[in-house]
Amino acid sequence: MTTKTTWPLVRVLRDRDAGLCLSGVVVSGFGTSALWLASGVWVKDLTGSDGLAALCVLAMWLPTLAGPLLGTLADRGRRKPLLMGVNLLPAALLLTLVSVDGPGDLWLLYAVLLVYGAAGVVHDAAESALVARAVDPGLLGDFNGLRTTATEGMKLVAPLAGAGLCAAYGGASVALLDAATFVLAAGLYALLRVREERPAPPTGSGRQRTAEGARHLWAHPVLRPLVLAGGATMLCAGLNGALVYAVVDDLGHSPAYTGVLYAVQGAGSVAAGLLCGPALRRLGTKCFAASGIALLAPAVAFRAVPSDPVALVCSAAIGMGLPVVLIAALTSVQRETPGALLGRVTATANMLVFTPNVVGLAAGAALVELVSHRPVLVALGVVLLVTAAALRQSPARAERTLSRSSSDASPA
């Protein structure tokens, strides 16, 4: 009987609010993953341009750079109605895309994707704060692990479904599907039984309020090394991702083989998410994150070996190691941050962690044209090992958070 209830999935789903939050993540994640690929396919079909298709991803990612500013919105009111609103807003905007049927209408698509990305930044910040309030602190690690499992699981099926729907019925059909998932997600969040008090009126200038999240992260002895390690890891992950086509070419396969490697990597991430809750409780946040980076390091380095079995094992190990530091950082942010700051701190942490990934992708795309990918992969493995060691040796004692913070809890 006790064995059954220790499984993370059972523990989370037995908690009504945790189950509703997770369901909202699954539903909206499916629509987002479908649109992510289908928007580029849609533009490619309309224009034949690879560059214009790539701008779709840029439009969705660009608002991440404004994370600290957008995160202040998640701290100015109650998070539940805000979370419902940032699901319904993109749902309404996506409906306008039914009018896009030629290159001259692409400005509308890019504008919607830009607002879509900004709403996503606010959504993630508000969701993190609401989850910290609605979910039992002892379930945060399990929830964040399962959130990763759900997100990665959607990436295995949703892009293919979106691409197929786009090919059969056009890009507007994927936009309508995504709009429906946002409406459904808003309905799920509306069912949450969470009581929120209206935040106190903001004090100080807008610039001061925006900077508070960054100050909290930088001053905190646990959050700072975790976020820095996350940023360094995602920079290496971006460089590694940009080299995947060189790796596939070295294996003697066509570019389509990258789909196999990404599928195996996604399966590894799904498995990692299921194991994260128990591992966090056993190892502690810092050791858990360092272990994930240490697993990632040899997996990246050994991709330099031109062998199919080695490449598949490395892809699975990358999938298992990469999400670990991200889950550890998010869980620590939720536990170590006062509730009034949680939106800004989450958005700032996401900016610092995920922006290096985009930089790494761009740098890797240029680097692969200049040098062989093999020494670069080995060097990335060494950098990741150094990052894991530095994180393992960082100070372990956290400052006490405010006693009235909803996210205050004992370490896992």
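1. Glu 127 has a relative accessibility of 3% and therefore counts as buried (buried means under 20% relative accessible area, exposed over 50%, and partly exposed in between, with a 1.4 Å probe and protein chains only). Glu 127 forms a salt bridge with Arg 147, and the closest N and O atoms are 2.7 Å apart (a salt bridge is a side-chain nitrogen of Lys or Arg within 4 Å of a carboxyl oxygen of Asp or Glu). Glu 127 lies in helix H7 and Arg 147 in helix H8, so this pair ties together parts that are 20 residues apart in sequence. Helices are DSSP runs (H or I, at least four residues), as strands are (E, at least two), and they are numbered from the N terminus.

2. This is a predicted model, in which local features need pLDDT of at least 70 and side-chain atom pairs count only at pLDDT 80 or more, while totals for chains, interfaces and linings use all residues. Residues are numbered from 1 along each chain as its sequence is written, and side-chain values use heavy atoms, with hydrogens and water left out.

3. Arg 147 also meets Asp 124 in a salt bridge (3.7 Å, N to O). Asp 124 is in helix H7 and Arg 147 in helix H8 (residues 140-169), so the pair ties together parts that are 23 residues apart in sequence. Asp 124 has a relative accessible area of 31% and is partly exposed.

4. The whole structure holds five salt bridges. Another of them joins the side chains of Arg 16 and Asp 17 (3.6 Å, N to O). Arg 16, at 36% relative accessibility, counts as partly exposed, whereas Asp 17, at 11%, counts as buried.

5. How many disulfides does the structure hold? The number is zero (a disulfide is a pair of cysteine sulfur atoms within 2.5 Å). Cys 56 counts as buried at 0% relative accessibility, and Cys 276 counts as buried at 1%.

6. The largest nonpolar core has 51 residues, and those with the most contacts inside it include Leu 217, Leu 226, Ile 293 and Val 300. A nonpolar core is a set of buried Ala, Val, Leu, Ile, Met, Phe, Trp, Tyr and Cys residues joined through side-chain atoms within 4.5 Å. Among the elements that give two or more residues to this core are H7, H11 and helix H15 (308-336). The largest share, 10 residues, comes from H15.

7. Helix H11 (residues 223-242) has 20 residues, which at 1.5 Å a residue should span 28 Å; its end C-alpha atoms are 28 Å apart, which agrees. The expected span is 1.5 Å times one less than the number of residues. H11 is mostly covered, with 16 of its 20 residues buried.

8. A nonpolar surface patch of about 480 Å² is made by Leu 52, Leu 55, Leu 58, Leu 62, Leu 65 and Leu 114. Patches are made of residues with over 30% relative accessible area and no salt bridge; like charges are joined within 9 Å, and nonpolar side chains (Val, Leu, Ile, Met, Phe, Trp, Tyr) within 5 Å. Helix H4 (residues 50-61) gives the most to this patch, with three residues. Leu 114 is placed in helix H7 (residues 106-134), and at 37% relative accessibility it counts as partly exposed.

9. Gly 252 lies in the loop between helix H12 (244-251) and helix H13 (258-283). With a relative accessible area of 64%, Gly 252 is exposed. The C-alpha atoms of Gly 252 and Asp 308 are separated by 9.5 Å, although these residues are 56 residues apart along the chain.

Definitions and conventions
Accessible areas come from the Shrake-Rupley method with a 1.4 Å probe; for residues, only the protein chains shown count as cover.
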